[in-house]
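Hi there,

Here is the structure I promised to pass along.

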Amino acid sequence: MPTPPRRLIDLQNWMTNAIIAETTLGSVEWITPSTQRGSDDRLSTYLRDFWPRCTDSLAEDFPRTAEILDAQWESTVKNYIRQLPTMGFSLYHLGDNFPNFLQSMGVSDLLVQLASMEKANVTAEISSIHSINTLSADTPLILQPHCTLVSIEFEVESLPKLVQTDPVPLIIFQSDYNPKIESLDPLEALFLNQFITPTCLSDAYDRMERSVSDDSMDTVAEFIDDWMSRATSKFWIMRKDPQ
Amino acid sequence: MGNRSVSGFGIGLRPIHYGDFFNNPSDVDFVEIISENFMLDGGRAHAILAEVAEIVPVIPHGVSLSIGSSDDIDWDYLNRLKRLVRAINPPWVSDHLCWSRHHDLYMHNLLPVPQTPDVAVFISEKARIIQDYLEVPLLLENVSSYVTYTDSTMTEWDFLSEIVSTANCYILLDINNVVVSGYNHGFNPIDYITALPRDRVKQHHLAGYRVKDNFILDSHDNAVSDPVWELYRESIQFFDSIPVVLERDDSIPPWNELIHELTLAKKIYANATTPIN
Ligand SMILES: [Fe+2]
C-alpha cells in the first residue's frame, strides 16, 4: 500500500469530523471560496447530505422503530452513528449494530425486540441461501445466514403501540427473496436455538433431552426425525462448512 | 480492454426496471449496475444478475471503492468486487475519483480529493494495484463537486489525466458532472474535455441536475439538461463512438420515458457523426 500524503490524511480527518459534527469550523483553511459561495456555504452542501441519508436509510430498514421513537428518531440515529459507526460499504449494513445500541441506551425491551425483528428483515433480504444434502448425526450444522430467531413479547398486529404479551418465538427468513415471519412452537424454537453456534444433531438431541421432562423424550426424537425429513426443503439450517 | 466488448447506448439498471428490461431487452445495448448492490451475500439482485448478463453485457459501476481515501485498500471490498467481475465477465469496471470512507467510516457520498501532484501519485499507485488485482480495466469517473480545496495546485482535468496515464487505467467521462462542476467552480466545460487524453476516455455518462440558488446540484432525479446535451454533442467529436450510459437514481421515470431519453442521445450522436455534404 502506497503511503498517503500527510495533508490528505489531515484534510480527511478534518472533513470527516466536520460532517459528523455538523460544523463548518476550519472551512476557511481547507476550502477555497468561489465567486458565489463562501467556504462554509460550499462545505454545507456535504454537511446537509450526510445525516438525512443515514436517518432516511435507517428509517427504511427500521420503519416501526422510527415511528415509535418519533421525535427522538433523529437524535437516536446521530448518537448511534457517532458511537458505533458501521464499517459496511453498503447502506444495507448501516443498522447492523442498531438493536444492540438501543439496548445499551436502556430503551424498553419491547422496542429492542421490535428493532431486532426489523434488522432480521434486512438480513433475510440480503443473505445467501444454502442447500443441504445428506446429513449424518455428527455433521456440524448451523442456522442459515438468512434466518434470525427472535422472541417477542408483543402482538405484531398491535403495532405501532407495543402491548406486552407472553413471549412468542419467531423465525424470520428469506422466502422468494422477501423476508417472511413464522411463529415457532416451543419444541421447534428449542431445536433451532441449538444451531445458533455449530452443533451436530446428536448433541442437539442430547441437549434437548436435558431440557424437557422425561416423558417428552420420545416426542423429541420423533420431532427431530420429522423435522430433518423436511430440512432440505426448509433451508433453515445448513452444514457449518457448505461444500 | 476486457473480456467482453461493449458499444452503443445503455442505462443504469435499477430494481424498479428489472421487469421492463426482461420484456424489452433490445431497448438497450448493455446495462450498468451499481456494483455494491450485487456484492452482498445474496438476495434478489444476486439471483437476477446471471439472467441479465445472459442477455446483454453488464458493467459494474461502484460508489464505494473510495480510491482517494488515505485509508488502506479495503481488501474485503475488492474481493467481493472481483467475485462479481468473475461472475459477469465485464469489459471493465468503473468507480469514482473521490473518497467516501475515512478510518472505516463510510460517508456514503462522493467527496472530491485535493488536486496535487503527490495525491495524484498516491491515487495512481492505488489504481494500479486495484486494476492488477481485478484483472480487468479500471475506469475512473470525474465527480460532481461543491468544494475546491486550498491545497489544490492542479486543474481537475490535469489531475485526472495524470492519474490515469500513470496508472495505465481509463476515464469514464460524466458529461453532467463536468457541467455541474464547471458551474460550481467557474471553469469552461470545453476546456475540461479537450484536455483529456483521447485514448483513455472509454465511456460517457449522461444524467440530470438541479439548479439551486447559487450552485448546481448533481441530483440524478431529472431529465438530462440542455447544457449537458450540448456538451455531449461536443464530446462526441473528441471521443467518437464510446459507449454511453444514461443514469437516473431518484424520481426514476417509467421505462419508456427513460428509453425515449436514450433515443435522444442516439439522435444527437447520429447527427454529430453524419458528415455534412
Ligand atoms: Fe456518473
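**Where chains A and B meet**

Between chain A and chain B, 19 residue pairs are in polar contact, with both partners at pLDDT 80 or more. Please keep in mind that this is a predicted model.

On chain A, the elements that each give two or more residues to the side touching chain B are α1 (6-21), α2 (27-30), β1 (31-32), α3 (39-61) and α7 (109-126). The largest share comes from α1(A), with 10 residues. Sorted by class, that side of chain A has 24 nonpolar, 16 polar and 10 charged residues.

As for the overall extent, 50 residues of chain A contact 52 residues of chain B. About 4200 Å² is buried between the two chains, and carbon and sulfur atoms give 63% of that area.

The rule finds one salt bridge across this interface. Its partners are the side chains of Arg7(A) and Asp151(B), at 2.8 Å from N to O.

The chains also share strand pairing: β1(A) runs antiparallel to β8 (residues 148-149) of chain B, over two bridges. There, Ile31(A) has Tyr149(B) as its bridge partner.

**A hairpin in chain B**

Within chain B, strands β5 (residues 99-102) and β6 (residues 105-111) pair in the antiparallel sense over three bridges. Arg101(B) finds its bridge partner in β6(B), namely Tyr106(B). Two residues lie between the strands of this hairpin, and His103(B) takes a positive phi near 50°.

Terms used: Residues numbered from 1 in each chain as written. Chains lettered and ligands numbered in written order. Predicted model: local features only at pLDDT ≥ 70, side-chain atom pairs only at ≥ 80, totals over all residues. Heavy atoms only, no water. Pairing = 2+ DSSP bridges. Helix = DSSP H or I, 4+ residues; strand = E, 2+ residues; numbered from the N terminus. Contact = heavy atoms within 4.5 Å. Buried area = accessible area lost by both parts, 1.4 Å probe. Salt bridge = Lys/Arg side-chain N within 4 Å of Asp/Glu carboxyl O. Polar contact = N/O pair within 3.5 Å; in protein donor to acceptor, adjacent residues only side chain to side chain. Nonpolar A, V, L, I, M, F, W, Y, C, P; charged D, E, K, R; others polar.
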